[in-house]
2 protein chains.
Amino acid sequence: MSSVADQLPSANDTYVANFGEKGSLALPPSKKVAIVTCMDARIDPAAALGLPEGSAHIIRNAGGRAADALRSLIISQQLLGTREVLVVHHTDCGMLTFTDAEIRDKLNHPDANHIAFLPFTDLERSVHEDVDYIKRSVLLVPRFKITGWIYDVKTGKVEQVV
Amino acid sequence: MSSVADQLPSANDTYVANFGEKGSLALPPSKKVAIVTCMDARIDPAAALGLPEGSAHIIRNAGGRAADALRSLIISQQLLGTREVLVVHHTDCGMLTFTDAEIRDKLNHPDANHIAFLPFTDLERSVHEDVDYIKRSVLLVPRFKITGWIYDVKTGKVEQVV
């Protein structure tokens, strides 16, 4: 199988040919919003949430966990002016399939014991936890809107839970 | 201005109506690749790199920094089978515009002193640093392909630097 790196220049040429006016977009997100969601391959947040280029910071990590997104959210709000956060977790998430003990056992290396892998056992509760984590941060701005959502990978539907 | 949360259900309805066959995609990325890139609003990694839904883990944070992506990369490789990493930083990045001292001064809270905000002063060097950081990790699999790239926000062009 050829690598993604090998295929990238040709795929990128097509994007560049249709780039249009996007070169004039400003650095700060026009909708003043940051999305925190999972790295999952099945999710296209821009398409699913209706956020075209230039409109939103999109922060993605395994699970869409808030603890891993905090540095980025501080920069997003304090330096780039966003005032809304959406936490979007999803059905069939890999983070529902293991525990810290299991992955540490698999890795079998002392360094793994210092990492919180942030799996969860209840999807809806994980959204509540991460919304609460972000609300509690003393390093974010005093007032901003925050909501929590679950994306269904079988249908593309997003439903609000917080 | 109405919030993104208010507008989301109607934008998502359009996505759901055109969801097609994507509900049958598998959890592990079909191209066995993880992308590490910036949260910047102007970047649509799936479109720019030619990665449709189902093909790639997409990890995004302020700057596309490796240190913040490590937990996600471990899960991506060790539990979900990816064997390639692309680090993609970009021109006009917000991380080129401040220092840790400046943001800590602005935040003016002791908790900020415990956070490395990971800004950089040289874009190409930042890609090399993050590729090296990922290569050095003892918690990733023994062999995988890794490359480093710079995305030009004015043209949409991606150029390989590592």
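This presentation describes a predicted model with two chains, A and B, and then one annotated site in chain A.

Some conventions apply: residues are numbered from 1 along each chain as its sequence is written, and chains are lettered from A in the order in which they are written. Because the model is predicted, local features need pLDDT of at least 70 and side-chain atom pairs count only at pLDDT 80 or more, while totals for chains, interfaces and linings use all residues; side-chain values use heavy atoms, with hydrogens and water left out.

I begin with the two copies.

Next, the strands. Strands are DSSP runs of E with at least two residues, and helices are runs of H or I with at least four, numbered from the N terminus. Strand S1 of chain A, residues 33–38, has six of its six residues buried, where buried means under 20% relative accessible area with a 1.4 Å probe, protein chains only. S1(A) pairs in the parallel sense with S2(A), residues 56–61, over six bridges, and also with S3(A), residues 84–90, over five bridges; pairing requires at least two DSSP bridges. A:Cys38 stands opposite A:Asn61 in S2(A), and A:Thr37 opposite A:Val88 in S3(A).

I turn to the annotated site. Which residues does the UniProt annotation "binding site" cover? According to that unreviewed entry, they are A:Cys38, A:Asp40, A:His90 and A:Cys93. They span 56 residues in sequence, yet no two of their C-alpha atoms are more than 8.7 Å apart, so they gather at one spot. Such annotations may be inferred rather than shown by experiment.

A:Cys38 is found in strand S1 of chain A and is buried at 4% relative accessibility. A:Cys93 lies in the loop between S3 and helix H4 (100–107) of chain A and is buried at 3%. Leaving aside neighbours within four places in sequence, A:Cys93 is in contact (heavy atoms within 4.5 Å) with A:Cys38, A:Gly63 and A:Phe120.

Key. Least-squares fit on C-alpha atoms with pLDDT ≥ 70 in both. Buried < 20%, exposed > 50% of the residue type's maximum accessible area, 1.4 Å probe, protein only.
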